[in-house]
Amino acid sequence: MTERRHRPSAQARRAALLRATVEVAAAEGVAGITHRAVTERAGLPLATVSYFFDSIGALIEEALRDSVAADAAVQEELAEALAEAHSSPEEVVAAFTPAVAPRFPDTLAMLEAYLHAARHPEFRDAVADALAMSRQVSAAAVRAAGAPDPEAVAPAFAAVAHGFALHELAVPGSVPPEYFDSAFRALFLGFLLDAGHVDLAMELRRQPAPEA
């Protein structure tokens, strides 16, 4: 995509396009993202997309990266705060659970992008970046809990979060918040035991799970 410098008013229009793209993806799927659909939702002239982006695909990729980066920044800030506070594994699990709960429209748009990449290989680089970022955030949370080799378990944490999000978005209310907590707790315990950290696992096991 051609790099352009924009004044504040133009930057605001560009940001509106990116947000509208996420909303259209959530409402209609990635296939529903068109120049007209995005500009109508953003309240901008039809030609606005072409002014800022070389193609609709470039707009979709930028919107995905922008949305995921914003989400990751919030979760990374939480993980860093937990690490600085020397939080227990139980506190990390309890704090991280609501942070990965699905949010409309961003989470639905992200899942739509994953499905789109399964059918369109040219879109996989953007989705791979999104997956890598979600795993980095998961690793940061596991590291804050004091677990060794957090990168090894991060993909499993991210996959569990995405799976629960998909179920909750498909049938709202079908996944109570305590289900997230129990799943992450069990996964973390299994990871500790598998890594040979029995004492840390038993310490976490003895602590009562937070009330829903």
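Predicted model: local features only at pLDDT ≥ 70, side-chain atom pairs only at ≥ 80, totals over all residues.

Trainee: Which element gives the most residues to the largest nonpolar core?

Mentor: The largest nonpolar core has 31 residues. Elements that give two or more residues to this core are α1, α3, α4, α6 and α7. The one that gives the most, with eight residues, is α1.

Trainee: Is T21 buried or exposed?

Mentor: T21 lies in helix α1. Leaving aside neighbours within four places in sequence, T21 is in contact with I33, V38, L59, I60 and A63. Buried means under 20% relative accessible area. T21 has 2% relative accessibility, so T21 counts as buried.

Trainee: Which residues does L64 touch, not counting those up to four places away in sequence?

Mentor: L64 is one of the residues with the most contacts inside the largest nonpolar core, along with L17, V38 and F123. Not counting residues up to four places away in sequence, L64 touches M110, A113, F123, A126, V127 and A130.

Trainee: Is M202 buried, partly exposed or exposed?

Mentor: M202 is in helix α10, residues 198-206. Together with L193 and V198, M202 makes a nonpolar surface patch of about 250 Å². M202 has 39% relative accessibility, so M202 counts as partly exposed.

How values were computed: Residues numbered from 1 in each chain as written. Heavy atoms only, no water. Core = buried A, V, L, I, M, F, W, Y, C linked by side-chain atoms within 4.5 Å. Buried < 20%, exposed > 50% of the residue type's maximum accessible area, 1.4 Å probe, protein only. Helix = DSSP H or I, 4+ residues; strand = E, 2+ residues; numbered from the N terminus. Contact = heavy atoms within 4.5 Å. Patch = residues over 30% accessible without salt bridge, like charges linked within 9 Å, V, L, I, M, F, W, Y side chains within 5 Å. Areas by Shrake-Rupley, 256 points an atom, 1.4 Å probe, with all protein chains shown as cover. Salt bridge = Lys/Arg side-chain N within 4 Å of Asp/Glu carboxyl O.
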